[in-house]
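Here is a short tour of how the pieces of this model pack together. Have the viewer open and follow along.

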Amino acid sequence: MATVPVILEPRAEELPPESAAADVMAFLDGGLDRLLERAGGATAADVDRSVRASRRGLDDLAVLLSAPAADRLEDLAAAAHELTVRRFGRVVRLFAPLYLSNVCASTCTYCGFSAENEIARRTLSVDEVGAEARALRHRGFRHLLLVSGEHARIVSKDYLVECVRAVAAEVPSVSVEVQVWDTPTYRRLVDAGCEGLVVYQETYDRRTYAATHLRGKKRNYPWRLAAPDRGAAAGMRHLGVGALLGLHDDWRADALTVGAHAQALVRRWWRCQVTVSLPRLRPAAGGFEPARPVDDRELVQLVCALRLVLPDVGLSLSTRESPEMRDGLARLGVTQMSAGSHTEPGGYAAESEAEPQFEISDTRSPAEVASALRRAGYDPVWMDTIGPRRG
Amino acid sequence: MQQPADADHDHLVIAGRPFRSRLFLGTGKFPSNASLAAAIAASGTEMVTVALRRVDPTASEDILDALPPEGVLLLTNTSGADDAEEAVRLARLARAAGLPTWIKLEITPEPRYLLPDPVETLKAAEVLCADGFTVLPYVNADPVLCKRLEEVGCATVMPLGSWIGSNQGLRTRAALEIIIEQSLVPVVVDAGIGAPSQAAEAMELGADAVLVNTAIGTAGDPAAMAAAFRLAVEAGRRGFLAGLPGPARAAAASSPLTGFLS
């Protein structure tokens, strides 16, 4: 029934040898099992050493994600807090997702937009997209992330280029989280005013990936994995990666691999700012049940561990999380947050009937999020960009 | 930076060629060819660098005569070059003379501290890499320059610990840490290493190798000093692979940072 066979092993043209994606594939075939064993066998002394280390690597990430490290959560938090303040200051950058379309040709078992779900579908016109951007600008936002379902004809390259251009006319910082494209298309988006590319691999576990992506172009795992490399080659300044926590039944495996991916991107694309997102699965149309929900303590441990091992990498948190978790995690390593989000197309400039991608948990307005950050001693930053690369 | 590996199978690979020794030797400042040959043997090195300007095929005893015929790679250096054009010319002369095409790219326009010129070094590296040379550039400890050199195809980067011949050790330590963290090619700390302990320090930081000359060439007993450096480099490397513990930190936070979880 699948229109596209699942592709888990890379073809050379899809996965250049000198790429972060190739590094991740090598990691999956070699390092990951060893690190999972490392996490499984970690002792309190190992945790102590990794917390105290002045430089940390993926071995430390395994140790810091281990069960003995969970017993030292406050120590991890103290070290992560200190490192975050030193590297980023008491600052959280705010952004908003702008949903273009919930039309989707792919079947992904966990997603509200999945093609089989009988939901109200809508694709904004370019003018409507501009109106949404204007409404968000009036709420203070200068960083917008354009998000869309995957449909190559309805959410086409030309449409995306026009949307980026319309939004770039309103705000200085535009990023995209849409279906993955080739390098020339990413170059067109950069030329139109896009400075960032966000691509979640969803899960790095190839078996789980195949089991949760049933139809559509997204079934090509290596092509998706190498999208950040293509975006960087096209001139994107910011690269975002992430794993959907709860999709794979071993969250540590996905956490280690997203760490390895971020590390590889930082090293291969040293001019780019890399950000890791840590979305937990939320209720959505389709009623998907997480294979293994990640609880609050585990998410905190993960934020601290990633901060300690990747001190320069941004960590992004969405409104999927509760106000309490978001305010708490801002002190431990999170550097950017969405706020006041709508996850359906339309909804900022006017009410929308379209179905959201998932339910949000933090329903505070952007102004309320900003004042909560200020009360905690943090500066909510709306504007932090010099715009996309030119020429 | 290379990932830590098993200490017993820990080879450094540069441009596809494995090296068991992580100590590279400069050949200037030795009192005699005999003492140079003895130091090379005692150091266990597999790569020595020779200034092309010191090579004289017409002399009765040339510096190349001190070098063992096998097992040690000759790295011609462009020392004396003031700019990219001169360095490229010297490298091509070396190739024409039948020397290996591995080049230590060294462009030092000012004669007092012999500090490398970053602009000319990058220009020359681009030309030489495109021309098929294996290029190992001597540079200041500048992390961005090192990334740029890596991008044009250099086989290593060789940042200085302090300026040539100064014996001042790792004055650039903080920048070296960044270079080692970021580099995708081996990092060789070159210049300024004046004592075995300083070589060990570079290796503990995670450097892939060190290049030493003055400290060995001007020692009272060059061969004995070469042996001491051999041990120091190996000790530092093993320490790095074993995973050095960090300093203890004072315990902190008056109010818990994870209180929101309760």
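## Ground rules

A nonpolar core is a set of buried Ala, Val, Leu, Ile, Met, Phe, Trp, Tyr and Cys residues joined through C-beta atoms within 7 Å. A residue counts as buried if 20 or more other C-beta atoms lie within 10 Å of its own, as exposed if 12 or fewer do, and as partly exposed in between, with C-beta atoms placed from the backbone.

This is a predicted model, in which local features need pLDDT of at least 70 and side-chain atom pairs count only at pLDDT 80 or more, while totals for chains, interfaces and linings use all residues. Residues are numbered from 1 along each chain as its sequence is written, and chains are lettered from A and ligands numbered from 1 in the order in which they are written.

## Two cores

The largest nonpolar core has 120 residues. Those with the most contacts inside it are Leu98(A), Leu144(A), Leu146(A), Val167(A) and Val303(A). Beyond its neighbours within four places in sequence, Val303(A) is in contact (C-beta atoms, placed from the backbone, within 7 Å) with Leu278(A), Leu315(A), Leu329(A), Leu332(A), Gly333(A) and Val334(A). A second, separate core of 73 residues includes Phe24(B), Leu105(B), Ala124(B) and Ala199(B).

Helices (H or I, at least four residues) and strands (E, at least two) are DSSP runs, numbered from the N terminus. In helix α3 (residues 44-52) of chain A, the buried residues are Asp46(A), Val47(A), Ser50(A) and Val51(A). They lie on the same side of α3(A) because they cover an arc of only 130 degrees around the axis, taken from the directions from the helix axis to the C-beta atoms.

These buried residues pack against α4 (58-64), α5 (67-70) and α6 (73-88) of chain A. On the face turned away from the buried side sit the exposed Ala44(A) and Ala45(A).

## Chain B

Chain B has eight helices and ten strands, and 44% of its 262 residues count as buried. Among its contacts with a separation of 6 or more, 64% join residues 24 or more positions apart.

In helix α5 (residues 173-182) of chain B, Leu176(B), Ile179(B) and Ile180(B) are buried. Their arc of only 95 degrees around the axis puts them on the same side of α5(B). The buried residues of α5(B) pack against α4 (143-151), β8 (158-159), β9 (188-190) and α6 (196-205) of chain B.
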